[in-house]
Amino acid sequence: MDLFLEKSVATNVAEFSVSEIAGALRRIVEEKFGYVRVRGEISGYRGVHASGHAYFALKDDKARLEAVIWRGVIEKLQFPPEEGMEVVAVGKLTTYQGSSKYQIIIDTLEPTGVGALMTLLENRKKKFADEGLFDDAKKKKLPYMPRIIGVVTSPTGAVIRDIIHRISDRFPLHILVWPVRVQGETSGQEVAAAIAGFNALPLGNVLSKPDLIIVARGGGV
């Protein structure tokens, strides 16, 4: 009788293969969290792997989260990851079934803290200086009294309303707005095309070439 009861209890427990358990856990993690923002310190970063991908971990004083950046994303990052750097990673939580680990697949990295932001700023300044963008010989003198101002920005953001309000309040003149996206993968190309478009306008028409161009976005940038 005891043997019969033990067998009945055992057969009433659902049976899964290892792959089924791993797949179920992966679905739970991905459906529960989706995309997340995770703040932590980069740990175990040894540079880009031969495959072009990067593998490391994000950690704080209590836990550790494995992280992956695929090759196509690495090439688009605004700054290279560094060991010990404090960052906010944006990506998708998932699991790696081959070793029963959960991890974040990172889409973007943002530096945190004044030190990291200053490092990023200095790196960009050096890059632009090396390209000669700060050379006085390339700078154009701003007109003392512009007649037309071109504005390259988002048509729906607060920044365009601020620009129009300030110009209208202090010295009303003609404003031309070239709408663009100011964030996302295509924003750089759109802004460049808008500047080229303004410069290609003829003089003396209703849509005349502006005397100066403002490129702006909100968010304190």
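In which helix is A193 found? A193 is found in helix α6, and the legends below place this helix within the whole chain.

**Figure 1. Overview of the predicted model.** This model is predicted: local features need pLDDT of at least 70 and side-chain atom pairs count only at pLDDT 80 or more, whereas totals for chains, interfaces and linings use all residues. Residues are numbered from 1 along each chain as its sequence is written, and side-chain values use heavy atoms, with hydrogens and water left out. The protein has six helices and eight strands; helices (H or I, at least four residues) and strands (E, at least two) are DSSP runs, numbered from the N terminus. Starting at the N terminus, the order of elements is α-α-β-β-β-α-β-β-α-β-α-β-α-β. The radius of gyration is 27 Å, well over the 17 Å that the globule rule gives for 221 residues, so the protein is more spread out than a compact globule. That radius is taken over C-alpha atoms, and the globule rule is 2.2 Å times the number of residues to the power 0.38. The C-alpha trace spans about 100 × 35 × 30 Å along its principal axes.

Figure 2. Of the 221 residues, 30% count as buried (buried means under 20% relative accessible area, exposed over 50%, partly exposed in between, with a 1.4 Å probe and protein chains only). There are 29 positive and 26 negative side chains, and the centres of the two sets lie 8 Å apart. Lys and Arg count as positive and Asp and Glu as negative, while His and the chain ends are not counted; each charge is placed at NZ of Lys, CZ of Arg, CG of Asp or CD of Glu.

**Figure 3. The largest nonpolar core.** This core has 22 residues, and those with the most contacts inside it are F56, I69, I104, I106 and L109. A nonpolar core is a set of buried Ala, Val, Leu, Ile, Met, Phe, Trp, Tyr and Cys residues joined through side-chain atoms within 4.5 Å. At least two of its residues come from each of β1 (35–43), β2 (54–59), β3 (64–69), α3 (71–74), β4 (86–96) and β5 (101–111). Leaving aside residues up to four places away in sequence, F56 touches several residues, including I42, Y45, L65, I69 and I106; contact means heavy atoms within 4.5 Å.

**Figure 4. The second core and V177.** A separate core of nine residues includes V151, I163, I175 and L212. V177 lies in strand β7 (residues 174–179) and is partly exposed, with a relative accessible area of 35%. Beyond residues up to four places away in sequence, V177 touches V151, I160 and F198.

Figure 5. A200 is found in helix α6 (residues 187–200) and is exposed, at 61% relative accessible area. A193 counts as partly exposed, at 45% relative accessibility. A193 and D130 are 63 residues apart in sequence, and their C-alpha atoms are 23 Å apart.
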